[in-house]
Amino acid sequence: MSEAVLPSASEAADAVAPGGPFESVDEVVEALREQGYIADTRLATTVFLLTRLDKPLLLEGPAGVGKTELAKMLAVVTGRRFLRLQCYEGQDETKALYEWDYGKQLMYTQILREKIGQVVADAPDLAGAVERIGSQESVFFSERFLAARPLLEAIRSDEPCVLLIDEVDRADEALEAVLLETLGEYQISVPEVGTFVAKHRPYVLLTSNNTRDLAAALKRRCLHLFLDYPSAARELEIVRSKKTGLSDQLAEELVTVVRGLRDLELRKAPSISETIDWARTLAVLGVDEINPQILADTVSVVVKYDKDVKKALDAIPHLVDPNAVVEEHGHGHGHGHEGDHTHDDPPPARAVRSDHPDDGDVDGRAKRAARDEPGRHSLYGGVTAAGGSPRPRPVSPGQGARSFGGSRKRPV
Ligand SMILES: Nc1ncnc2c1ncn2[C@@H]1O[C@H](COP(=O)(O)OP(=O)(O)O)[C@@H](O)[C@H]1O
Ligand SMILES: [Mg+2]
């Protein structure tokens, strides 16, 4: 059992490598790409700086844009150990820093019952016995019985590591303060044992899905990057890199559709992982043409709330064929389908209907959505009802929402 190794702060500083694992930003891009993570130069530059400056990186952005994945991939490409602290509401610092392994302490006291008996045997009274046990306390509150949680694990790790503090916005502000302290000094004090100072400063990445604003002090201490949905070109590259089986041409069309869906005011906009899932789904179905019918049939892969499904179904024909848009009532292409179909027509048979009522908050996203201003995460700032832009309306009888409720022939 190793003793608590507690190098001084100056020793720890000496241990920090002057260079870094990457010579240039391009090298970061390349290394990540080799592992299937597609980064643009802005992201790669931030990662490069993370490896060169002694600062944690705070990644903010909507769910599913590759924040967590980046931390994992950084560990892979730098050959570092990966440690993760998943944050949640009500989490206390013992789950982040350390706790005492009560079970182990108990087991030792059971086994050592006789020995403990000897220690207190000739104590004159109860107070004296307690005093004697007290004098032995350090035996039981020593590193042996310390259960390190991710922060302490990262600080006292013998090998360099990447520490991901995931979804920090879910944690309470009290935990944020603990993080601040730890990340400011790269050291953790355990009163009974001493102060652990990092032998190797971890690369620290914090992620936030923006359910609440983080403390200004935390932001100040970190490099900061807002990671939004990728450009069309990067998203296409990501889909390609995942070898979904969908042709490049169809993948490109699909990315356009997904980007269009993100412009709608959905409760949960489709993320990169949903684009990938959709591409895989279409490939499995052997689709050789992206048409409204097949997208409607499979839309539940990308939108998971009932209301979102309806909005998506309304928009899909327009997204597949922008010419199918009626700008305003009476100014369309003469198909006579300007009305809102969704009220009359049954929803598609295969659209997954959530078991949760609309206000059933599956994983805090509703809270998130409620706190988010409309379009907060939209790069494109496109069609929103609030913006006064006309909502795309399906018009062609072949493409209209009515056809979604009709025969469910699966085009293969
Ligand atoms: N830049 C990227 N390159 C490759 N895959 C990506 C990229 N961004 C996201 N992904 C894919 O999207 C999925 C979801 O990303 P994740 O890191 O879990 O999102 P977040 O943590 O932002 O919610 C990942 O598992 C990965 O497959
Ligand atoms: Mg994540």
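Asn-210 counts as buried (under 20% relative accessible area, with over 50% being exposed and partly exposed in between; 1.4 Å probe, protein chains only), since its relative accessibility is 3%. The model is predicted: local features need pLDDT of at least 70, side-chain atom pairs count only at pLDDT 80 or more, and totals for chains, interfaces and linings use all residues. Residues are numbered from 1 along each chain as its sequence is written, and side-chain values use heavy atoms, without hydrogens and water.

Most residues other than glycine have a negative phi.

| Residue | Phi | Loop | Relative accessible area |
|---|---|---|---|
| Asn-210 | about 65° | between β8 and α11 (216-221) | 3% |

Helices (H or I, at least four residues) and strands (E, at least two) are DSSP runs, numbered from the N terminus.

The largest nonpolar core has 36 residues, of which Leu-151, Ile-165 and Leu-206 touch the most other members. Such a core is a set of buried Ala, Val, Leu, Ile, Met, Phe, Trp, Tyr and Cys residues joined through side-chain atoms within 4.5 Å. Among the elements giving it two or more residues are β5 (161-166), α10 (173-185) and β8 (203-208); α10 provides the largest share, five residues. Leaving aside residues up to four places away in sequence, Leu-206 touches (heavy atoms within 4.5 Å) Ile-165, Val-168, Leu-179 and Leu-183, among others. A second, separate core of 31 residues includes Leu-250 and Val-309.

Definitions and conventions: Chains are lettered from A and ligands numbered from 1 in the order in which they are written.
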